[in-house]
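The sequence and the model are shown first.

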Amino acid sequence: MKYLIAEDEKELQQSIATYLSREANVCETASDYREASEKLELYDYDIVVLDINLITGSGLELLRKLKEQNKKCGVIIISANSSLDDKLEGLDLGADDYITKPFHLAELNSRIKAVLRRGQFGGNDSITFEEIRLDTLARSAYVNDKPITLTRKEYDLLLFFITNQGRVLSKAIIAEHLWGDDSDLLDNFDFIYVHINNLRKKLTKAGAKYIQTAYGSGYKFIAD
Amino acid sequence: MWTSIVLLLISGVILFIYTKLLLNNEIEEELYSNKARLEKLLEEDISIKGVPPIMEVEQVLKPEKLKVSDTLIFDPSQNEIELFRQLSETQEINGNYYRVTVRTMVIESEDILFAIVFTFVGIVFLAFIFLFFLNKSRNKKLWEPFFINLDRLKNFSLKSNKSLNFEDSEILEFHELSTELELLTSKIQIDYRNLKQFTEDVSHEMQTPLAIMQAKIDTVINDESTSESQFVKFSSLQEDIQRLKQLNKKLILLAKIDNNQFVNTEKLNINNVFQDAIENLKELTTTEINFIDGNTINVKMDKSLAVVLCNNLLSNAIKHTASRNPITVRINNNVAFVENKGAVALARPDQIFERFYKESKKDESTGLGLSIVKKICDYYGFVPSYRFRESEKLHIFQIDFNTQL
């Protein structure tokens with residue numbers, strides 16, 4: 001996959017690029033409006049991660065251009081402004097998703113994957129990891145082609161694990177992904193244990209042991 | 001007031017003395033001239049007797065000196081005793097002595113006094129009435145700009161974007177007052193707007209550095225070389241970032257409410273909002289939440305704010321309930337009650353809805369949840385309140401929706 005990260009904050013841009021390029025993706029970066037505009041005209045990308053506030057211009061302007069040229073690429077907008085108007089404007093212009101700073105890289109990664117699933121491959125709605133298969137349309141899970149019954153949250157959790165396989169995910173990251181804004185209603189993330197343990201039990205029962213505890217308080221989904 | 005009374009009294013006394021003196025002189029003058037006339041008549045005809053009691057002629061044996069005195073004489077026509085002033089002197093005609101007495105009725109002191117007092121009271125009364133109405137109409141005109149400005153000041157709202165314009169007046173003091181007030185209010189408004197803008201700007205500006213910090217930590221955590229103790233430290237850093245994020249989000253929410261950015265008002269069933277929030281929270285907590293549905297509350301408000309309102313009340317109760325005791329949501333008579341167990345009443349219950357108010361140091365919340373509740377209530381005119389029921393050791397937060405219904 002080929003990504004373009006258009007973000008004027010170099011540090012953030014590099015972190016995103018490093019994180020995303022781990023899965024054998026090609027990550028190119030652009031630090032201002034001109035550079036991003038040039039690269040978008042010259043090359044084709046599968047995903048563009050677009051900051052709204054690029055120093056020399058608006059990311060929304062770039063998005064408008066992109067859509068005029070009818071390029072087939074997924075666009076994820078990142079913005080420091082959580083206001084609904086910005087979000088709606090971005091999505092109206094044809095962005096595929098919108099994420100507000102600050103975000104977890106794992107979250108960005110899972111959003112990108114979702115966009116890719118929906119887009120380019122004409123709805124490739126099946127994700128496979130070893131003997132586990134997820135049907136993202138029916139939202140159902142199979143181990144060795146045998147269906148396992150998961151709750152809504154357990155399914156989301158498994159999907160999040162698989163899209164971020166091999167990465168360490170802290171409880172905070174998982175909580176925020178699964179419950180969004182509601183995750184800060186309570187001071188602790190103890191409730192995560194319950195859901196992870198249930199999922200782990202169900203997977204283990206079906207013979208798939210991939211959820212590992214990392215460093216005592218984080219989780220990692222990994223093939224042995 | 002007192003000075004004018006004293007002044008009136010003094011002038012009344014002087015007027016009384018002066019009038020009395022004047023009258024006495026006049027009477028004596030009259031007596032002398034009447035006596036002279038009578039004496040002349042007597043010289044022509046010694047047989048005249050006069051007109052008693054005004055004029056009397058009487059033959060006496062020896063001469064008497066000129067004498068002025070007061071005397072009381074019964075006046076049968078008026079049927080009362082009257083005071084007369086009399087002048088008598090003997091006159092010698094042909095070796096005989098005749099006493100000539102002339103008298104005139106004197107106006108009694110009480111009468112003078114009465115006349116003076118009556119006149120004074122009349123004058124004062126008339127002056128009072130006259131001045132009262134004159135002042136009233138005059139003052140009304142004079143103070144009109146002042147009261148108009150006072151009214152505008154009362155209706156002044158910091159949050160309004162309109163600046164206050166004051167009525168100008170020809171009176172220098174009022175003119176200065178309105179100029180100063182105009183300056184002052186516009187300065188306050190600008191300061192308030194700047195402060196609000198500042199909070200919002202800071203919150204937004206903080207997002208990017210926070211994003212960088214978070215992204216870097218995410219990267220470091222996934223480094224193969226990270227040790228367990230490093231991971232624990234990074235995780236706790238992540239939690240701190242999380243808190244800053246929450247704080248930011250809440251500050252932005254407060255600013256948005258202040259800026260009237262929630263305009264999608266719709267008819268909402270508060271009971272349903274509570275029920276949804278409870279369902280949602282059940283996934284996040286093991287604390288039991290009871291819901292007692294008394295009556296249905298329908299309000300007009302923004303849906304997202306209603307959700308925030310219910311969520312904040314519930315999460316506050318869950319966070320602070322003693323030893324995971326169940327919390328209760330009751331809806332009764334258009335009032336929603338959220339109750340949780342506690343050990344003791346709050347130290348400063350009047351500050352519970354203030355920003356950054358925390359009962360204890362160990363509390364890791366942002367201290368904004370309840371102030372957001374208050375803000376939302378103020379925005380829609382609901383009445384939030386808190387009390388502690390000692391008998392059951394219950395903290396009770398209630399939102400009265402009656403005011404909007």
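The model is a predicted one, and the values here are computed from it.

**Chain A**

Chain A has 224 residues, of which 42% count as buried. Its secondary structure consists of 8 helices and 14 strands. When contacts in chain A between residues at least 6 apart in sequence are taken, 54% of them join residues at least 24 apart.

Three of the strands can be followed in detail. They form an open sheet with the order β12-β14-β13 in chain A, and the pairing is antiparallel. At the edges lie β12 and β13 of chain A, each of which pairs on one side only. On average, neighbouring strands of this sheet are turned by 35 degrees against each other, direction ignored. In general, the strands of a sheet pair through backbone hydrogen bonds, either parallel or antiparallel. Here β12(A) and β14(A) run antiparallel and are joined by 3 bridges. Within this pairing, Val168(A) has Lys220(A) of β14(A) as its bridge partner.

**Two helices of chain B**

Helix α1 of chain B covers residues 2–44, and helix α2 of chain B covers residues 109–154. Their axes come within 10 Å and cross at roughly 140 degrees. An angle over 145 degrees would count as roughly antiparallel; α1(B) and α2(B) are therefore oblique to each other. The crossing in which α1(B) passes α2(B) is right-handed.

On the α1(B) side, the contact is made by Leu8(B), Gly12(B), Leu15(B), Phe16(B), Thr19(B) and Lys20(B). On the α2(B) side, Ser109(B), Ile112(B), Leu113(B), Ile116(B), Val117(B) and Phe120(B) take part. By class, this contact of α1(B) with α2(B) has 8 nonpolar, 3 polar and 1 charged residues.

**Where the chains meet**

How many residues of chain B are in contact with chain A? There are 36 residues of chain B, and they are in contact with 32 residues of chain A. The side of chain B that touches chain A draws at least two residues from each of the helices α3, α4, α5 and α6 of chain B. The table gives their residue ranges.

| Helix of chain B | Residues |
|---|---|
| α3 | 172–221 |
| α4 | 228–258 |
| α5 | 270–282 |
| α6 | 303–320 |

By class, the side of chain B that touches chain A has 12 nonpolar, 15 polar and 9 charged residues.

Conventions:
Residues are numbered from 1 along each chain as its sequence is written. Chains are lettered from A and ligands numbered from 1 in the order in which they are written. This is a predicted model: local features need pLDDT of at least 70, side-chain atom pairs count only at pLDDT 80 or more; totals for chains, interfaces and linings use all residues. Axes are lines fitted to C-alpha atoms, for helices over the stretch in contact, and angles run from 0 to 180 degrees between N-to-C directions. Helices (H or I, at least four residues) and strands (E, at least two) are DSSP runs, numbered from the N terminus. Angles under 35 degrees count as roughly parallel, over 145 as roughly antiparallel, 65 to 115 as roughly perpendicular and the rest as oblique. A crossing is left-handed if the near helix is turned anticlockwise from the far one by less than a right angle, and right-handed if clockwise. Two residues are in contact if their C-beta atoms, placed from the backbone, lie within 7 Å. Ala, Val, Leu, Ile, Met, Phe, Trp, Tyr, Cys and Pro count as nonpolar, Asp, Glu, Lys and Arg as charged, and the others, Gly among them, as polar. A residue is buried if 20 or more other C-beta atoms lie within 10 Å of its own, exposed if 12 or fewer, and partly exposed in between; C-beta atoms are placed from the backbone. Two strands pair if DSSP finds at least two bridges between them.
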